[in-house]
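Student: I have a model open on my screen and I'd like to learn how to read it. Could you walk me through it?

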Amino acid sequence: MFQGKFIDNLPKIYGTYTGGFLAFCLLMAVFEANGMSAKTIGILFVAFTVFIYAFIGYLSRTMQASAYYVAGREVPTVFNGMATAADWMSGASFVAMAGGIYFGGYTYMAFLVGWTGGYILVSSLLAPYLRKFGCYTVPDFIGTRYGGNVARFAAVLVLVLASFTYVTAQINATGTIASRALGIPFETAVYVGLASILMCSMLGGMRAVTWTQVAQYIVLIIAYLLPVFWISNKIGAGFFPHFMLGEEVQRIAELEKTLGLTKNSAAALKAAKVPGGLAYISNPHSAVPAGAMAAWKFISLAICMMVGTASLPHILMRYFTTPSVSAARRSVAWSLFFIFLLYFSAPMLATLSKIALIDPNIPTSIIGKSIAEVQGIKWVQEWTAVGQVFIADLNGDGILGLNEFFMRSGVVVLATPEVAGLPYVISGLVAAGGMAAAMSTADGLILAISNALSHDVYYKMINPKADTAKRLIVARVLLVVVGVFGAYIASMRLTGILGSVAWAFDFAMSGLFFPLVLGVWWKRATRAGAVAGMLGGLAAGTAYLIYVGPKFMAQTPWLGIDHLRFGLIGAPVCLILMIVVSLATEEPDAKTQQMVDDIRIPAGKTVSGN
Amino acid sequence: MASKNNEAHWEKTKGLMRITLALWFFFGYVVFMFGHDINSMSFLGYPLAYYMTAQGSLAAFVIIIFWSTGKQQEIDEEHGVSDAGRDD
């Protein structure tokens, strides 16, 4: 069936895989119709998909350095786009984004703009040039372009800080999903999640991660889009929701007026014993707040997320795996397309979910009904039992108001299929999709960290004479150590203290954006300038984070630059230091300048020779 | 030093980068500076600013990135420095 080279057969292989996965979904639907319990279906979905990923990971095992670090540089454009999309879309994007939009409305949607627009920076400023350079890791570029172990080490420092902030949240998400689907305690489920993650990456490094990420993208995009279309048709909102929910958005705005958007006081919430982390609707869905500050809040968040995107090593290193410079560039475009498919569906899911719950003309709605009646609904009871949903009759009128229904943001994605009356098989599919999203991102991040430690710190700085076998053993040991450490932190549930996913973008932006971009676009940038920029930017950003962070000093932010946006302090400091120190030091030697000239031209050999 | 051809190639690459980033800046930021003002207009039945952040700017980014990639390929080929089809 599959003759010839593996790479030539990719469309066939993944076509068969997609067909097989859909057949599996149908089989589960048949089982459900024949009385299989919801719990068993959930277990089968998660176990089956994780087994497939582990199997792909096993098939991709390798003992070659170039396969381990850059997948042998043979990943075709479109497939690398899918892999990057899976690498990019985290458990948070999958599970929490629609919920964030549901509660936050327009203001929150700055994340959608920020998490897509950054790819234009990646494609115009960085990816093709880093591919031409031919490095194995992002610090490898910094270390060679600027020269010296100090620059290399500073880049590793920023990478580890940014990626580690991000990875604990992902391991946490795999643990949460595994614990719910398999019915095991969270502290155990975190390690089950970690074992699944490591099975996908340990034997084959980047090669294994690439081919599992493609498989994970297929599962996660089916799991996201299918319910959106199904729910939209089921509640009669439109055949193609993305172009047909205009009326629903306007209807929500009308309902907000009649129902009233009320902010609950902290004292009222405390008196009613509403658990922390549960939210209620208090922001308008589509209305834009007036004033320059509101616009600046939106734009500043978008800037941080975009610039952060272009500095995150686990994304940049995906473009080291393509066969050519022009393929790397096209691959960035495909990545954005595959990401777009999910991101432009998230607001639609949020809209459908909201209209299904608050519009009295739709039978599934609960707002405006008597609380006794709502408490009798099956899904409300089930999600209340696990602490994800909470009802409090704050005004004592016995009727459920907008501000009296609380839920965790993930519930929007996880429970809307159930609310709209879709079969449970869809909920099982959604759990598998969430698992795929969290696992693929965790794999990319753990690999980015351990590759930087094994290639840049161990091989380039500590033991340059190490042979390939030894390097790859060290790489794998570090992979496991990083993973276990991440899982240990996640199992302690410190994530509240470790902060938000947005921090990873701010750290990366503070320390890496300008050293990377100026390394390509400004020949005059020197080693001293880059080191000063990386360390100074990181220090300034971190200091500001401590200054405004609500869990640290909690001082009033300057100009609305709060703890989600501290990159706006770090990155300019980095830029200024880099320019001033570069100009104050001697210009780079002719060899370095020639290297920069070489990376600007796609044709010819890679600069590093890897 | 870079050859004349390579320098011309880089000049054009820089020009394309500036146009691409100008478009990016417009759809990423300028639109949302006026979010409150344009939200009373509507598109496909959606309020305009809501539409742009939910779909419009995202779709614009996808179009810009494919357009820019195609243009860069033309520039590379015009100067004979493309590596498309390389198999190393």
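**Reading the model, helix by helix**

Tutor: Let's begin with a helix pair: L125(A), L126(A) and Y129(A) of α6(A) touch L516(A), V517(A) and V520(A) of α24(A). Keep in mind that this is a predicted model.

Student: What kinds of residues make the contact of α6(A) with α24(A)?

Tutor: There are 6 nonpolar residues, with no polar and no charged ones.

Student: How do I describe the way two helices pack?

Tutor: For a packed pair you quote the angle between the axes and the distance between them. Here, helix α6 (residues 110-133) of chain A meets helix α24 (residues 501-521) of chain A at about 70°, and their axes are 10 Å apart. α6(A) and α24(A) are therefore roughly perpendicular.

Student: What is the packing angle of α8 with α21 in chain A?

Tutor: About 155°, with 8 Å between the axes; α8 covers residues 149-182 and α21 covers residues 424-462 of chain A. That angle makes α8(A) roughly antiparallel to α21(A). The crossing of α8(A) past α21(A) is left-handed. By class, their contact has 22 nonpolar, 6 polar and 3 charged residues.

Student: Now the chains themselves. How many helices and strands are there in chain A?

Tutor: Chain A has 27 helices and 2 strands. Its radius of gyration is 25 Å, close to the 25 Å that the globule rule gives for 610 residues, so chain A is as compact as a globular protein of that length. Its C-alpha atoms fill a box of roughly 80 × 60 × 40 Å along the principal axes. As for burial, 58% of the 610 residues count as buried. Of the contacts in chain A with a separation of 6 or more, 83% are between residues 24 or more positions apart.

Student: And which order do the elements of chain B follow?

Tutor: From the N terminus they go α-α-β-β-α, which is 3 helices and 2 strands. The box around its C-alpha atoms is roughly 55 × 25 × 20 Å along the principal axes. Buried residues are 39% of the 88 in chain B. Among its contacts between residues at least 6 apart in sequence, 57% join residues at least 24 apart.

Student: How many residues does each chain bring to the contact between them?

Tutor: Chain B brings 43 residues and chain A brings 45. On the chain B side, the elements giving two or more residues are α1 (4-33), α2 (35-38), β2 (46-47) and α3 (48-78). α3(B) gives the most, with 17 residues. Sorted by class, the chain B side has 22 nonpolar, 16 polar and 5 charged residues.

Student: At what angle does α16(A) pack against α3(B)?

Tutor: Helix α16 (residues 325-343) of chain A packs against α3(B) at about 170°, with the axes 9 Å apart. That makes α16(A) roughly antiparallel to α3(B). If you want side chains to click on, the α16(A) residues in the contact include L336(A), F337(A) and F340(A), and those of α3(B) include F61(B), I65(B) and F66(B). By class, this contact has 11 nonpolar, 4 polar and 3 charged residues.

Student: Let's zoom in on one residue. Is G533(A) buried or exposed?

Tutor: Count the C-beta atoms around it: with 31 neighbours inside 10 Å, G533(A) counts as buried. G533(A) belongs to helix α25 (residues 527-548) of chain A. Beyond its neighbours within four places in sequence, G533(A) is in contact with F514(A), P515(A), C574(A), L575(A), L577(A) and M578(A). It also shows how sequence and space can part ways: G533(A) and A154(A) are 379 residues apart in sequence, yet their C-alpha atoms are 9.7 Å apart.

Student: What about backbone angles? Where is K273(A)?

Tutor: K273(A) is in the loop between α13 (266-271) and α14 (292-309) of chain A. Its phi is near 60°, a positive value in a residue other than glycine. K273(A) is exposed, with 8 other C-beta atoms within 10 Å.

Student: And what is the phi of L44(B)?

Tutor: Near 55°, again a positive value in a residue other than glycine. L44(B) lies in the loop between β1 (42-43) and β2 of chain B. With 14 other C-beta atoms within 10 Å, L44(B) is partly exposed.

Definitions and conventions: Residues numbered from 1 in each chain as written. Chains lettered and ligands numbered in written order. Axes fitted to C-alpha atoms, helices over the stretch in contact; angles between N-to-C directions. Helix = DSSP H or I, 4+ residues; strand = E, 2+ residues; numbered from the N terminus. Parallel < 35°, antiparallel > 145°, perpendicular 65-115°, else oblique. Left-handed = near helix turned anticlockwise from the far one by under 90°. Nonpolar A, V, L, I, M, F, W, Y, C, P; charged D, E, K, R; others polar. Contact = placed C-beta atoms within 7 Å. Buried ≥ 20, exposed ≤ 12 C-beta atoms within 10 Å, placed from the backbone. Rg over C-alpha atoms; globule rule 2.2 N^0.38 Å.
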